[in-house]
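I open this notebook to record what I looked up in the structure, entry by entry. The sequence and the model come before my notes.

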Amino acid sequence: MNDVETIERIRHLYERLREQTARVIVGQASVLEEIFIALLSGGHCLLEGAPGLGKTLMVRTLAESLSLEFQRIQCTPDLMPGDITGSEVFSREEGVEGGMKFVKGPVFTNILLADEINRTPPRTQSALLEAMQEHQVTTGRTRRPLPEPFFVLATQNPIEQEGTYPLPEAQLDRFMLKCCVDYPSRAEEMDILLQTVGSEAPTLAPVLTREELLEAAALVRRVPVSRELAGKACDLCRLTRPNLADGKLRDWVREYVSWGAGPRAGQALLIGSKARAALYGRFCVEQEDIAALAHSVLRHRIQTRFTADAEGITQDDIVQKIGHELGIF
C-alpha cells in the first residue's frame with residue numbers, strides 16, 4: 001500500500017479500536033486517544049488519577065484489542081528491580097554455561113503495564129529507565145534486547161495519596177505523555193454502574209496486529225510538518241525554561257517555574273502531532289494537533305516554584321499561558 005492508503009487504514013483501524021474499547025470503557029475518549037498516539041509514536045504513557053477511575057482496566061482493554069504480548073506488574077513497596085528485569089538463577093539444565101541461567105522478567109514483552117508505579121521505591125522505578133529509553137536490559141555484562149514494539153503504560157495515584165513515592169525527574173521525562181484521568185460525568189457514571197453489575201462480560205476481538213502497528217509507526221515518521229509549526233512547538237518548550245523565557249513572559253515564568261522542559265519534550269510533541277494527524281486521516285500536521293497534545297507532553301516536565309503552588313498555578317496553567325502568547329491556543 002502507498003502512504004495515502006496506509007493513512008486511511010490507520011484511521012479505519014482507530015475507529016474499530018474505539019468501537020471495541022467502548023464496549024468496556026465508558027467515556028475517557030481523549031485519554032484513550034492519547035494512549036494510542038503514544039503507541040503509534042513509539043512512546044510511553046503515564047496515567048494519573050484517583051483510585052477507582054478505571055486506569056488499569058483502560059490499559060488492559062487496549063492490550064486485548066491489540067495482537068501484542070502483554071504483561072502486568074503490580075508495583076508494591078517491596079518490589080525489587082530483578083522482579084521487573086529478571087535475574088540469574090542456578091540451573092542444572094544441560095548446556096547452561098556456569099550453571100547459571102537468566103530468567104526473563106515481565107519487562108520482556110510488547111506492552112508492559114506498571115500498575116500504581118508510584119507505590120514502589122525510586123530504586124525499583126529506575127529499573128525501567130534503560131528499558132524505556134534504549135529498549136534493552138543490561139544484566140551483569142550482557143545486554144538483552146527487548147521485543148519490538150515495546151511500550152510502558154504506567155498508572156499512578158496522585159502524589160497527595162498516602163504511601164506513594166514521587167517518580168524521579170529522569171524517569172518522568174521518559175514518558176512521552178502524562179494523561180490525567182478525571183471523574184466521569186453523571187450520565188457516564190450511570191452507564192458504568194449499569195454495565196458493570198450485570199452477569200455478562202463483554203468480549204473483545206483484536207483489531208490490530210504487530211505488523212500493522214509497526215507499519216503504522218513507520219508511516220507516522222514520514223508525516224510532514226512545516227517549519228513554522230515545528231518552530232512553534234520548539235518555542236513552546238523553550239519558553240518553559242526560566243533562563244530562556246523572554247518578552248512578556250520572562251518575569252512571569254521566572255517567578256513560577258524552577259525547571260522547564262528539555263529537548264525530548266519537543267521531540268515528543270512533534271512525533272505525537274504526526275501520529276494524531278494520521279489518526280484523523282491527514283498527511284500533514286496542523287496547529288490543532290500541537291495544541292491538543294501540548295498539555296500532556298509538558299505537564300510532567302515542568303517543575304513549579306513554591307510561589308506557583310501557593311497561588312494554585314498548575315503546570316497546565318503555565319502551558320496554557322505560554323501557548324496563548326505564541327498563538328497556539
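Entry 1, strand pairing. I began with strand 1, residues 45-48, and found that it pairs with strand 10 in the parallel sense over four bridges. I note here that the model is a predicted one.

I traced an open sheet of five strands in the order 3-6-9-1-10, with parallel pairing. Strand 3 (70-74) and strand 10 (177-180) are its edges, and each pairs on one side only. From one strand to the next, the twist averages 15°.

I located Asn118 in the loop between strand 6 (111-115) and helix 5 (122-125). Is Asn118 buried or exposed? I record Asn118 as buried, because its relative accessible area is 0%. The side chain of Asn118 reaches the backbone oxygen of Asn157 at 2.8 Å.

I found 71 residues in the largest nonpolar core, where Leu40 and Leu298 have the most contacts. Helix 2 supplies the largest share of this core, eight residues. Among the residues in contact with Leu298 are Leu236, Ala261 and Val319. I also noted a second, separate core of 22 residues, including Val107, Leu112, Ala114 and Ile117.

How values were computed:
Residues numbered from 1 in each chain as written. Predicted model: local features only at pLDDT ≥ 70, side-chain atom pairs only at ≥ 80, totals over all residues. Heavy atoms only, no water. Pairing = 2+ DSSP bridges. Helix = DSSP H or I, 4+ residues; strand = E, 2+ residues; numbered from the N terminus. Axes fitted to C-alpha atoms, helices over the stretch in contact; angles between N-to-C directions. Buried < 20%, exposed > 50% of the residue type's maximum accessible area, 1.4 Å probe, protein only. Polar contact = N/O pair within 3.5 Å; in protein donor to acceptor, adjacent residues only side chain to side chain. Core = buried A, V, L, I, M, F, W, Y, C linked by side-chain atoms within 4.5 Å. Contact = heavy atoms within 4.5 Å. Lists of a residue's contacts leave out its neighbours within four places in sequence.
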